Amino acid sequence: MKIATKYSPAEIEQKWYEYWLENNLFHSEPDEREPYAIVIPPPNVTGVLHMGHMLNNTIQDVLVRRARMQGKNACWVPGTDHASIATEAKVVQKLTAEGISKTGLTREEFLKHAWDWTHKHGGIILEQLKKLGCSCDWERTAFTMDEIRSESVFKVFCNLYEKGLIYRGVRMVNWDPKALTALSDEEVNYKEQNGKLFYLKYKISAPTPQGGPTYAVVATTRPETIMGDTAMCINPNNPKTAWLKGKKVIVPLINREIPVIEDEYVDMEFGTGCLKVTPAHDINDYMLGEKYGLPSVDIFNNNGTLNNNGAMYAGMDRFDCRKQIERDLIEARLLEKTEPYTNKVGFSERTDVPIEPKLSMQWFLKMEDLAKPALEAVEDDTIKFYPEKFKNTHRHWMTNIKDWCISRQLWWGHQIPAWYIQAPLNPPEGGAWGFVVAPTEEKAREMAIAMHPSLGEIEGGFSLKQDEDCLDTWFSSWLWPVSVFNGINRPGNPDICYYYPTSDLVTGPDIIFFWVARMIMAGEEFRGKEPFRNVYFTGIVRDQLGRKMAKQLGNSPDPIELMNKYGADGVRMGMLFSAPAGNDLLFDESLCEQGRNFCNKIWNAFRLVKGWETADIEQPIENNIANDWFFAAIAKANREVDDLFLKYRLSEALTLLYKLFWDDFCSWYLEIIKPEYGKPIDNKTYNHVLGYFEYLLKLLHPFMPFITEELFNNIEEEFYLIDNKYVKSKTIMTSPIYSEVEWQDEEEEYRIANFETAKEIITNIRNIRASKNISPKEKLALQVSGAYNNDYTDVIRKLANVEIEQVSEKSAGSVSFMVGTAEFAVPVGNLINAEEEIDKMEKEIIRLEGFLKSVNAKLGNERFVANAKPEIVEVERKKQADAETKIASLRESIKGLK
């Protein structure tokens, strides 16, 4: 089969991905093999590929492809997330552009628009992942709002409600005034903001002693909330504010009388020692309100404007109101002063607007008991984190856990399966009919009648109204490792029993609590077992200035354009070259170029080998030596790559293979065995070349799937490898990677060490040629004195173009060098300008003597020798010995030239 002159990624990538799909090579079914399962972190259904996705999914694909080649039954489950807030926001934006208001639509009408949007834009990202080479089991593609996953969510909600873990109540929540929904604590990002501290005057209501103060001063960053004040609080132990005990004060501008209460919660050192208490709009004030029975006055509409409780500011935006109140307070002489003040303000993770603490009726999930087994699973390494440092982050979240607000005031999502009973008559039991929690309306009707038998006797029947809220998106994705195998609805099905727990999870550390910790909780609760064994945390992809890549900053390249430019294999390599686990990746497009260049190197090396003629001739000695050495080199690399994969150090594994192919295979092995121009290579060596080339392709395949598949299928010849006839697989994807046992070489260390010595000798000779401008075609003599292992003489003779002779004394006019304890000399007297060479060497001696002087001074310092670590002292002694050897060698060379 003829191979093209140039590597064309686009043509090859499309061809082989179609081949893999047509032959169903990504699909997995339970069988007798060891399973290896990964579930994809589901991207937003209407999202598009960004650099974070590229990194995360490249790593997953590397792990999955290697598992296949190890003989495991690999299953990578893809899918997408319905992303309630993000998707609803996009649909609302689209409708607004079309002149349609969400408030003018029924829920059903809005959901039709949302589903149309999802069907039109959903799944784009999954198609883009195919271009990257992702070997997902596409037949198993899941969606968090498909039938199986939705049924799972409703069953879990009902189950947890029945256990008493889900409850409904009025609580202080984080309110997003833009998305118009509650948020969990984990969906709030705190940012430092430069603002003001306002010192407000609250007049004393009751008469004060003659000459006593007429007002108390409160320092606050939010004067716009004074309309919600229902008390002032002081610390009972603070002598500065003791005069306020038992008094009442007047709220500025609105003239409401409020009591002064006492609680040690108040920080005596902050501000004036007086605290305004606004129970409806601050979590700490809410707790004070509950403790002292204070009323709560909600002054905000859901969109962040003031409601009628805001008095004359009703209808104003909260931040506009702040500015206006400042002006009004100054005019009323009720603002003592302002000071610049920096504090942390909570922002919505989704919409990036400041959140508003707000009292709201919401649904909550009790977390304390769920968290205990999940924390234990990580702490005792049942689930291992890579890097391990993220155990600390997980522990912090889990030991400070709060109940999870799981309801969202949105329409796009899983509507909460709570059904409110509506009947024409009051319940005979008194009170309200209440609600029932059930997965379907039919089941809810049965439960309602069971709860109130009289409902079944009402003429005309009764109706049920489902809760308007939907569930937090994370409430579906926390079930992901179980629900993708239908383990909630059919807990004993073959898939869940075979693939669960999954093997690895690859994700970012920013969602340790959002997703990772919650999945562990769900796995322990609903399967009694952890959902995965290992978690690999990727870093964040940043630009060269250290900024997180984002469209808004214009610093994020289009991944599709990158793949069009450098090929998928090139981009995959570029991402992984600098992606150590858990550390942020400073992306540099030149790394993708380096990846593409590596593809070209592999391609051209293959063309070189395939271009050789073969013959049934005797194998040269140097070829036999090279074959033995490279076998040892692959055996060592194979073992090291295995170890690096076990430690999830994929970037280091790739770098090792890059050097093995580029340096050892191309620069050394091929150079040794390459036949003279116009002459054939012996069959035995050629079979080894093809064997080694194919195994290198196998090792590289998880990182570079396309080029390795193409070249693998261009190796047609039969050859022997490890003394066994090789039977070729149809695809490299299922071609096995040999175990460490099969790649054992008893003389591995000996061969590698000796070859390193040979490389050093050859490199020195080449350096002499380069520095003296001596042509590589000029055969030189190499004189050896001292202990020298001649196993690699034929290799040195060929690559250095020298004749080697053992001598007791080197010739005059020689340039010498040391390798180990042996001295080598190359007579060059008649090939060089002796005076120039002597001048160069004398200058080098001066430089080395200066260096030696500083080393000797350090070793002559008794305190250094006594206090430094032994290995550091040993390094300095080695520097001393090397410098002395080089100086002696240079002096000998000068003596010879003179």
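Biologist: How are helix 19 and helix 23 oriented to each other, roughly parallel or roughly perpendicular?

Modeller: This is a predicted model, and the axes of the two helices cross in it at roughly 115°. Angles of 65 to 115 degrees fall in one class. Helix 19 and helix 23 are therefore roughly perpendicular.

Biologist: Within what distance do the axes of helix 19 and helix 23 come?

Modeller: Two packed helices are described by an angle and a distance between their axes. For helix 19 (residues 621–646) and helix 23 (residues 748–772), the axes come within 9 Å.

Biologist: What is the handedness of the crossing of helix 19 and helix 23, left-handed or right-handed?

Modeller: On the helix 19 side, the residues in contact include Trp629, Ala632 and Lys636, and on the helix 23 side they include Arg751 and Phe755. Where helix 19 passes helix 23, the crossing is left-handed.

Biologist: How many charged residues are in the contact of helix 19 with helix 23?

Modeller: Asp628, Lys636 and Arg639 of helix 19 take part, as do Glu748 and Arg751 of helix 23. The contact also holds six nonpolar residues and no polar ones. The number of charged residues is five.

Biologist: Asn638 is also in helix 19; is Asn638 buried or exposed?

Modeller: The relative accessibility of Asn638 is 1%. The cut-off for this class is under 20%, so Asn638 counts as buried.

Biologist: What distance separates the C-alpha atoms of Asn638 and Tyr695?

Modeller: Asn638 lies in helix 19. Tyr695 is 57 residues from Asn638 along the chain, and their C-alpha atoms are separated by 9.8 Å.

Biologist: How do helix 5 and helix 16 run, roughly parallel or roughly perpendicular to each other?

Modeller: The axes of helix 5 (residues 124–132) and helix 16 (residues 559–566) come within 11 Å and cross at roughly 25°. Angles under 35 degrees define the class. Helix 5 and helix 16 are therefore roughly parallel.

Biologist: Which residues of helix 16 meet helix 5?

Modeller: Helix 5 passes helix 16 in a left-handed crossing. From helix 5, Gln128, Lys131 and Leu132 take part, and they meet Ile560, Met563 and Asn564.

Biologist: Which residue has a side chain joined to that of Ser816 by a polar contact of 2.7 Å?

Modeller: Ser816 is found in strand 32 (residues 814–819) and is buried, with a relative accessible area of 11%. Its side chain makes a polar contact of 3.5 Å with the side chain of Glu823. The 2.7 Å contact joins the side chain of Ser816 to that of Ser889.

Notes. Residues numbered from 1 in each chain as written. Predicted model: local features only at pLDDT ≥ 70, side-chain atom pairs only at ≥ 80, totals over all residues. Heavy atoms only, no water. Helix = DSSP H or I, 4+ residues; strand = E, 2+ residues; numbered from the N terminus. Buried < 20%, exposed > 50% of the residue type's maximum accessible area, 1.4 Å probe, protein only. Polar contact = N/O pair within 3.5 Å; in protein donor to acceptor, adjacent residues only side chain to side chain. Axes fitted to C-alpha atoms, helices over the stretch in contact; angles between N-to-C directions. Parallel < 35°, antiparallel > 145°, perpendicular 65-115°, else oblique. Left-handed = near helix turned anticlockwise from the far one by under 90°. Contact = heavy atoms within 4.5 Å. Nonpolar A, V, L, I, M, F, W, Y, C, P; charged D, E, K, R; others polar.
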